[in-house]
Amino acid sequence: MTTALGTRVKIAGAVLLVPLAASVLQLARFQIWPSQAREALYTSPYPITRHIETPRGRIFDRNGGLLAGNLSHFRVYLDNCQTYLWAQETLAAGNEEPPPVTLARVLAEFMQTTGVTINIPGVTQSLQQLDQTLREQTQGRQRLRTCTLAVDAVEVAGQVQAIPLWLEEGQETRLRIAQGELPDANGAYHYNSILGDLRTEAWFARDYPEASLASEVVGYSRQSGDRAGDRGENGVVRFYLETGDWGVESYYNDILQGAREDILWTVVPVEITRNMDRAQPPADLLLTIDREIQAEAEAILREGVEAGEASRGSILVIAPHTGEILAMADYPAADLTRPEGFEEVFHTKGRLPNDPQGQVTSLNVGAPYEPGSIFKVLTMAAALDSATVTPDTIFVDEGYFEYGGVVVHNWRSRPFGVQDMTGCMQNSINTCLAWVASRLGPQLYYDYMDRFWIGRASGVDLPERSGDLRRPGDLDWTDSTLATNAFGQGVSVTPLQIAVAISAVANEGVMMAPHVVRSIVRPNGVVQPVRPVALSQPISARTASTLNEMLARSLEVEQSAALVPGYRVAGKTGTADIPPYINTKTVASFVGWGPVDDPQILILIRIDEPTSEGDRQFGSITAAPLFAKLAPRVFAILGIPPDQVRQQLAATP
Amino acid sequence: MNPARTPRPGPARVRAYREAPWRMQTRALAIGLVAVLGTAATLSLFIFTGAQAAEAGLQVQRLIGERDTLLRRIEAQQVNLAQLNSVTWYFDKARELGFEPVDPREMTFVQVPASIEATPSYLGPSRILYVDEGISLAPAYRETLLEWVVRALRGGGQP
């Protein structure tokens, strides 16, 4: 019996030992034999705070061409920094035993590996100072444990600030090869122990692959780190907040801005899935801009400004049926890859006689001006729509017209004699339009201007500045204001405002809300299109058709330089003096649209301060030919056939 | 039947038996063993499933890292591709090769019934979280006992 009991106890003991042995084996396997799971632990120490970010939303043109995207660049940190600082101190103290590796040695090795240049003495000294300060503040309990590497350290307003060090992807790869994390070109691994404590952190950086193309619309996203807490303990900016400065980048900043924050990152393996998708990524934007039309517009604008020896200019191409802005060009244009050049460009755009130090990011939506004669289109539209005049109404021009105590003259006081309303528009007769406005009367005239949204922002989805229109009752409004407003003086508009107002003539009397975003692509892939919306209908379709015909005929009779072979187009030139009218400088402009029977595009060209040599200060000489150049290219890109072909295709059953 | 030979009913005999100690011990041992084995089995199961979950979690983490790296590269490659496809570059190249902008009057227009407007070749949204890569600790915090011994024997390195 004793023997049997002993055997059973042994068996039971053996059975009990099995799980114990298994546990010990598992521990041994985990500790001694490398495994994939344990390797993963290398990159997941516990506990940690991690930097997470989503890239800023991308911006595309209407056909999917990328206008703003994101590149990666890398911050570099040195862990266990205190040991390297200690080594530096030991070396400086002249101890006999050389310290293992100093901070300067790490930096030198890093420079050699990556090819970047660092002011080693300056950076080392600033980190030592920071370490010293930290020690003093904590009575020696703390030292600088992680250092952010910098290119240099400079003193700004009495504070030492580091110039951040960013590695390009290739440089970061070289560092990782040297650290043994990646194989070299031959597939071999190396380990440089001096670089062992360096680690990198990837950040997104905005990039604009088309450089200056549509820069006025796209805008610029600027990195700033000025908020409280943005700077880390060694003076390097910890967070760079990407904020849109102007254009779409600014207007849609909330939609485009990605998450960028430090979060507590769980590394308990079974909880890891909690880390997933914690930040809401931003949306992408598809613009209404067509980059080919935009490029054509910019090239033609540049030619026009240079040919006119002008200071600046702008071109706007919109689709009257939808309000979509197909191109919006400024000259000079900001090169988004060269932020250092912005100030000069904005100064050139903003330098006006009454504001020589002004800064303007966009002439089309941010720089109101006196439109001059292109405004006559609105005056005539109001008069026709209210039946104050008809196309056949006769006006006898004597070269001047007195109203409200002022005498209105034509350009060079020239009398045009007997004219019908088409002749008034063709010859751009100031006196005629002042007379038309006087017949309308202030009440009706300004009612119509309100319907055309003159003096109000157009509501475009861009940071916008509105022009100004004085009305009866305003302190500085007099009867004579009505007469001058009639031909575009004493009123200010942005090119976009006047283009949208005139687009009613090209779109059966309806003004469509202008917009530059065609659709928003949400992070879940849902495409949210921006639907065309009507702003108002200031005039009837019949009036629009009548005026359309009048303006087409006036270009044909005049044999305007704006005529486009193969297409019937309508339009109006403008030559406006620049307030406060102290010199002979003008703004030459032209607004045109076509094809007249079904207008698909409306183009507004503005050239500021062209030379007066060779009559180049006139819109008919400087701006109208640019329309004739640009319109056929836009027709070709949009696939709009010439009138004859279109009629043939329409007649084909 | 002879009644005299019939045994008389007597007082009931009570016989006391005592279970053999080895049986009691065996039973106690068996019960204990069952309890221990049950506990061990439960613990083993827990450890096993826990280890599996941990391993899966680590793999998930590794995959998240890989995914983020790839998405980061894709994002950058899109920019690089856009730079190569820049419209300015195309225009300059076209001019260099002697091309001129077409006059619409020279174009041949063909009416295609029920044609569909071209949709933008759009590469989809960047919908996924990006996380930075690689946080390194000193080797002392992440190496095994064996690696530490080997490293110590070879002469150290960084702390």
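The model is predicted.

Now look at contacts between residues at least 6 apart in sequence. Of these, 70% join residues at least 24 apart.

Next, find helix α5 of chain A, which covers residues 120-137. The helix has 18 residues. From its first C-alpha to its last, α5(A) reaches 26 Å, close to the 26 Å expected at 1.5 Å a residue. Which residues of α5(A) are buried? They are A:V123, A:T124, A:S126, A:L127, A:L130 and A:D131. These residues sit on the same side of α5(A), because they cover an arc of only 165 degrees around the axis. An α-helix has 3.6 residues a turn, so residues three or four places apart point the same way.

What does the buried side of α5(A) pack against? Its buried residues meet helices α3 (81-93) and α4 (103-114), along with strands β4 (147-148), β5 and β6, again in chain A. Turn to the face away from the buried side. There α5(A) carries the exposed residues A:P121 and A:E136. Just after the helix comes A:Q139, with a positive phi of about 50 degrees.

Two of those packing partners deserve a visit. Strand β5 of chain A (residues 150-156) and strand β6 of chain A (residues 159-164) run antiparallel, joined by six bridges. One bridge pairs A:A153 with A:A162 in β6(A). Together β5(A) and β6(A) form a hairpin with two residues between them. In that turn, A:A157 has a positive phi of about 50 degrees.

Positive phi values stand out for a reason. Most residues other than glycine have a negative phi, and most peptide bonds are trans. Take phi first. A:E609, in the loop between β24 and α19 (619-622) of chain A, has a phi near 55 degrees. Is A:E609 buried or exposed? A:E609 counts as buried, because 23 C-beta neighbours lie inside 10 Å and the cut-off is 20 or more.

Now take the peptide bonds. A cis bond joins A:Y331 and A:P332, with omega about 5 degrees. A:P332 is in the loop between β13 (324-331) and α11 (342-350) of chain A. A:P595 lies in the loop between β23 (586-594) and β24 (601-608) of chain A.

End at a pair of residues in contact. A:W453 lies in the loop between α15 (430-451) and α16 (479-486) of chain A. Its phi is positive, near 60 degrees. A:W453 is buried, with 22 other C-beta atoms within 10 Å. For a sense of scale, pick A:F346, 155 residues from A:A501 along the chain. The C-alpha atoms of A:A501 and A:F346 are separated by 27 Å.

Terms used:
Residues numbered from 1 in each chain as written. Chains lettered and ligands numbered in written order. Predicted model: local features only at pLDDT ≥ 70, side-chain atom pairs only at ≥ 80, totals over all residues. Contact = placed C-beta atoms within 7 Å. Pairing = 2+ DSSP bridges. Helix = DSSP H or I, 4+ residues; strand = E, 2+ residues; numbered from the N terminus. Buried ≥ 20, exposed ≤ 12 C-beta atoms within 10 Å, placed from the backbone. Expected span 1.5 Å × (residues − 1). Arc of directions from axis to C-beta.
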